[in-house]
Amino acid sequence: MATPITADTNPSSKSTNSNLIYLQDMDEFKRVFSRFDSNGDGKISVNELDNVLSTLGSGVPPDELQRVMDDLDTDHDGFISLHEFAVFCRSDTTDGGATELRDAFNLYDQDKNGLISSAELHLVLNRLGLKCSVEECHNMIKSVDSDGDGNVNFEEFKQMMSNNRVNGGTKRKHERESI
């Protein structure tokens, strides 16, 4: 999920293809951002951040929540703007994004058994407002379940996330070339 802003992904880059990828990523950031920005004012408050995390079943103590806000709110206005949100999502981390990947996996692994089931995926996606059936979730799980156990383990999750970045970029490139 986290990728550094480089000449290839920077909106001021001269490359048309890179700009298209950046704009597609920004559309995705805007959709996710709007889920956090419940009042639609263009910024995420500490209360909105807390509400989303609570909805996802991840209660965060107030002091930790404030630390997250302080880290993301780089202009120190008390809110997270779309720009600050996008910079955070694209930021490179010292562990190459492994912590964020593990956190994302843990968000879906509601029973903390090291596996994401169709029921867990269904629960979390619906909490996020992404309505889908259990059958659709089962099909999503099946598409990445390489060991055939009916669940997604962390290794399968990592593989899926790395394939989505590579295949999504490749697919978009082919779509643009065929236009």
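Q: In what order do the elements of the protein chain run from the N terminus on?

A: From the N terminus on, the order is α-β-α-α-β-α-α-β-α-α-β-α. Helices (H or I, at least four residues) and strands (E, at least two) are DSSP runs, numbered from the N terminus. The model is a predicted one, in which local features need pLDDT of at least 70 and side-chain atom pairs count only at pLDDT 80 or more, while totals for chains, interfaces and linings use all residues. Residues are numbered from 1 along each chain as its sequence is written, and side-chain values use heavy atoms, with hydrogens and water left out.

Q: What percentage of the residues of the protein chain count as buried?

A: Buried means under 20% relative accessible area, exposed over 50%, and partly exposed in between (1.4 Å probe, protein chains only). Of the 179 residues of the protein chain, 30% count as buried.

Q: Which residues of helix α2 are buried, and why do they lie on the same side of α2?

A: An α-helix has 3.6 residues a turn, so residues three or four places apart point the same way. In helix α2 (residues 46–55), the buried residues are Glu 48, Leu 49 and Val 52. They cover an arc of only 100° around the axis, which puts them on the same side of α2; the arc is that of the directions from the helix axis to the C-beta atoms.

Q: Which residues are buried in α3?

A: Leu 65, Met 69 and Leu 72 are buried in α3. Their arc around the axis is only 70°, which puts them on the same side of α3. The face of α3 turned away from its buried side carries the exposed residues Asp 63 and Asp 71.

Q: How do the axes of α2 and α3 cross?

A: Axes are lines fitted to C-alpha atoms, for helices over the stretch in contact, and angles run from 0 to 180 degrees between N-to-C directions. The axes of α2 and α3 come within 10 Å and cross at roughly 120°. The two helices are therefore oblique to each other: angles under 35 degrees count as roughly parallel, over 145 as roughly antiparallel, 65 to 115 as roughly perpendicular and the rest as oblique. α2 passes α3 in a right-handed crossing. A crossing is left-handed if the near helix is turned anticlockwise from the far one by less than a right angle, and right-handed if clockwise. Val 46, Leu 49, Asp 50 and Leu 53 of α2 make the contact with Leu 65, Gln 66, Val 68 and Met 69 of α3, where contact means heavy atoms within 4.5 Å.

Q: Which residues have the most contacts inside the largest nonpolar core?

A: In soluble globular proteins, nonpolar side chains tend to be buried together. A nonpolar core is a set of buried Ala, Val, Leu, Ile, Met, Phe, Trp, Tyr and Cys residues joined through side-chain atoms within 4.5 Å. The largest has 15 residues, and those with the most contacts inside it are Phe 29, Phe 36, Ile 44, Leu 49, Ile 80 and Phe 85. At least two residues of this core come from each of α1 (16–36), α2, α3 (62–72) and α4 (82–90). The most come from α1, which gives four residues. Apart from this core lies another, of 14 residues, among them Leu 101, Cys 137, Val 144 and Phe 157.

Q: Is Ser 118 buried or exposed?

A: Ser 118, found in helix α6 (residues 118–127), counts as buried at 11% relative accessibility. Not counting residues up to four places away in sequence, Ser 118 touches Val 134, Cys 137, His 138 and Ile 141. The axes of α6 and helix α7 (residues 134–144) come within 8 Å and cross at roughly 120°, and the crossing is right-handed.
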